[in-house]
Amino acid sequence: MHFIRQGQFDMCDLFLKEMTASAGVLPDTTNTSINDPALIDAVENLKAQFRQMYRIMKQLADDHDLREAIEWTHEHRDELLALSSSLEFNLHRLRFIQLLLEKRKMDAVVYSRQHFPRFGSKHLAEIERLMTCIIYDDITQSPYRYFCSDSLWSDIRMEFQRDFCCLLNMSADSPLYACVYVGTTALPIIMKVHTIMSHNRAEWSQQDELPVEIPLDDDLRYHSVFACPVSKEQATEANPPMMMPCGHVICKESLQRLSRNSRYGRNAMRFKCPYCPSESTVDQAMQVHF
């Protein structure tokens, strides 16, 4: 999967060949299903999808050729709309700018009339700026010269890759790359903590938690993390976040402790929210899913 996602199709074929040759010879390869027709079809289909993606991205990078990318967005328009994607509009915007840079103003006007109307409700302000570009002889010397920036081409490639992978229910970046990157980022910090704790003869006894927080980039935070404001502990499947009728959220264990320590007595049903005067019962709290 990793080789296919990275466009290393020959490496993928070699890896499958080696797996087939090692069946029953190397450990954990006795029951390999590498020759399963369904698996082979799935791999070939995935390779065909990513070959198309990398071919289009190469056209965008090397030749600034938008034709196949635009055709792809037309074929998947409904799916892209469901994602609230702006990819199709951004591709048409680039084509419009291309025509202006080629001094083909009338062709640009015809192109805008043909493709921009469907995007008016969402991108009206952007379309107005694009149409204003027509009055300038040289757009690169106009207040709208940012439309000619090379960064727009790198942005469109990244946007195309992200939306293409999203339609395949995949992330734009390889999971293997993300795991290795996060591991190498965290390792120096963990090793330093391990050295300090060994020197102090201390042990970390908390399960499924790290002794220190590992700083990660925003694009590597794939799931929302909730820390209970009462216990300061991170929510887990066994201790999920619960929302009380007043709207405040705390973890389930904290909720149960509040109920047991209620001012109305140990056997009382009602307890006070730790953040507002509202009172409620455990049964009224709802689990929150991030």
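Reader: Which residues touch the most other members of the largest nonpolar core?
Author: Phe-50, Phe-96, Leu-100 and Phe-160, out of 42 residues in that core. Bear in mind that this is a predicted model.

Reader: Which elements give two or more residues to this core?
Author: Seven helices are listed here. They are H2 (9–21), H3 (37–63), H4 (67–75), H6 (87–101), H7 (105–115), H8 (120–132) and H9 (151–167).

Reader: And where does the largest share come from?
Author: From H6, with eight residues.

Reader: Back to Phe-96. What does Phe-96 touch, not counting residues up to four places away in sequence?
Author: Ala-108, Tyr-111, Ser-112 and Phe-116, plus Leu-130, Met-131 and Ile-134.

Reader: What does a second, separate core include?
Author: That core has 12 residues, among them Phe-226, Cys-228, Cys-276 and Ala-285.

Reader: New topic, the sheet. What is the strand order, and is the pairing parallel or antiparallel?
Author: The order is S2-S1-S5, three strands in an open sheet, with antiparallel pairing.

Reader: Which are the edge strands?
Author: S2 (249–251) and S5 (286–287). Each of these pairs on one side only.

Reader: How many bridges do S1 and S5 pair over?
Author: Two, in the antiparallel sense, with S1 spanning residues 241–243.

Reader: Which residue in S5 is the bridge partner of Met-242?
Author: Gln-287.

Reader: Last one. Which strands does helix H11 lie across, and at what angle to S2?
Author: H11, residues 252–260, lies across S1 and S2. The helix runs at about 95 degrees to S2.

Note on methods
Residues numbered from 1 in each chain as written. Predicted model: local features only at pLDDT ≥ 70, side-chain atom pairs only at ≥ 80, totals over all residues. Heavy atoms only, no water. Pairing = 2+ DSSP bridges. Helix = DSSP H or I, 4+ residues; strand = E, 2+ residues; numbered from the N terminus. Contact = heavy atoms within 4.5 Å. Axes fitted to C-alpha atoms, helices over the stretch in contact; angles between N-to-C directions. Core = buried A, V, L, I, M, F, W, Y, C linked by side-chain atoms within 4.5 Å. Buried < 20%, exposed > 50% of the residue type's maximum accessible area, 1.4 Å probe, protein only.
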